[in-house]
Amino acid sequence: MRVIAKSTLVKFWSRPEHSDSEGALRSWYDEALKAAWETPQDIKAQYRSASICGQNRVVFNIAGNKYRLVVEMQYGAGIAWVKFIGTHAQYDRINVETVNEY
């Protein structure tokens, strides 16, 4: 998959209060680059805890479920587009299907 945009992840883990997310986000990024997800079921096969949502959005639990990563999947184009990364409290204030905070 092509991941758009790694810079969003780097910006997040570079903040001192989120530095503990770096290892988990790097791992997710590396795994996503190697993946060939064509359906939501392909993601669920690799990430059982991922939540499949409307508008081709997927929510990944990051760093032991401390953070949430929302990605819009464009399966046909092979693109995973990062739409949101944040804490549970921040996640609770967004609409997964429309968020575009990167």
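Buried means under 20% relative accessible area, exposed means over 50%, and partly exposed is in between, with a 1.4 Å probe and protein chains only. I start with Gln74, which at 26% relative accessibility counts as partly exposed.

**Entry 1: ground rules**

I note that the model is predicted, that local features need pLDDT of at least 70 and side-chain atom pairs pLDDT 80 or more, while totals for chains, interfaces and linings use all residues. I number residues from 1 along each chain as its sequence is written, and side-chain values use heavy atoms, with hydrogens and water left out.

**Entry 2: Gln74 and its strand**

I looked up the place of Gln74 and found it in strand β4. Helices (H or I, at least four residues) and strands (E, at least two) are DSSP runs, numbered from the N terminus. I then listed the contacts of Gln74, where contact means heavy atoms within 4.5 Å. Leaving aside neighbours within four places in sequence, Gln74 touches Ile79 and Trp81. I also checked Glu38, which is 36 residues from Gln74 in sequence and 8.7 Å from it in space, C-alpha to C-alpha.

How many of the eight residues of β4 are buried? I find seven in β4 (residues 67-74), so the strand is largely enclosed by the rest of the structure.

**Entry 3: the sheet**

In which order do the five strands form the sheet? I read β1-β5-β4-β3-β2, in an open sheet with mixed pairing. Two strands pair if DSSP finds at least two bridges between them. I find β1 (2-4) and β2 (51-52) at the edges, each with a single partner strand, so one side of each has no neighbour in the sheet.

I followed β4 to its partners. Strand β3 (residues 57-62) runs antiparallel to β4 and is joined to it by six bridges. In this pairing Phe60 is opposite Leu69, and Asn61 has Arg68 as its bridge partner. The hairpin of β3 and β4 has four residues between the strands, and Ala63 in the turn has a positive phi of about 55°.

Strand β5 (residues 79-87) pairs with β4 over eight bridges, also in the antiparallel sense. Here Leu69 is opposite Ile85. β4 and β5 form a hairpin with four residues between them, and in this turn Gly78 has a positive phi of about 70°.

**Entry 4: two helices**

I looked at helix α1 (residues 6-14) and helix α2 (residues 22-34), whose axes come within 10 Å and cross at roughly 170°. Axes are lines fitted to C-alpha atoms, for helices over the stretch in contact, and angles run from 0 to 180 degrees between N-to-C directions. Angles under 35 degrees count as roughly parallel, over 145 as roughly antiparallel, 65 to 115 as roughly perpendicular and the rest as oblique. α1 and α2 are therefore roughly antiparallel.

Which residues make the contact? I list Lys6, Leu9, Phe12 and Trp13 from α1, and Glu22, Leu25, Arg26, Trp28 and Tyr29 from α2.

I then took Leu25, which is in helix α2. At 0% relative accessibility, Leu25 counts as buried. Leaving aside neighbours within four places in sequence, Leu25 is in contact with Leu9, Phe12, Trp13, Ile62, Leu69 and Ile85. Ile62 is 37 residues from Leu25 in sequence, and 6.9 Å from it in space, C-alpha to C-alpha.

I also noted that α1 lies across β1, β4 and β5, and runs at about 15° to β5.

**Entry 5: aromatic rings**

I count five aromatic pairs in the structure. Rings of Phe, Tyr and Trp (its six-membered ring) pair if their centres lie within 6.5 Å; planes under 30 degrees apart count as stacked, over 60 as edge-to-face and the rest as tilted. Trp37 and Tyr47 form an edge-to-face pair, 6.2 Å centre to centre with 70° between the planes. Trp37 is buried at 3% relative accessibility, and Tyr47 is buried at 16%. Trp28, Trp37, Tyr47 and Phe60 form one aromatic cluster.

**Entry 6: backbone angles**

Most residues other than glycine have a negative phi, and most peptide bonds are trans. I looked up exceptions. Gln55, not a glycine, has a positive phi of about 60°, and Asn56 also has a positive phi of about 60°. Is Gln55 buried or exposed? I find Gln55 exposed, with a relative accessible area of 55%, and Asn56 partly exposed, with 44%. A cis peptide bond joins Ile4 and Ala5, with omega about 0°.
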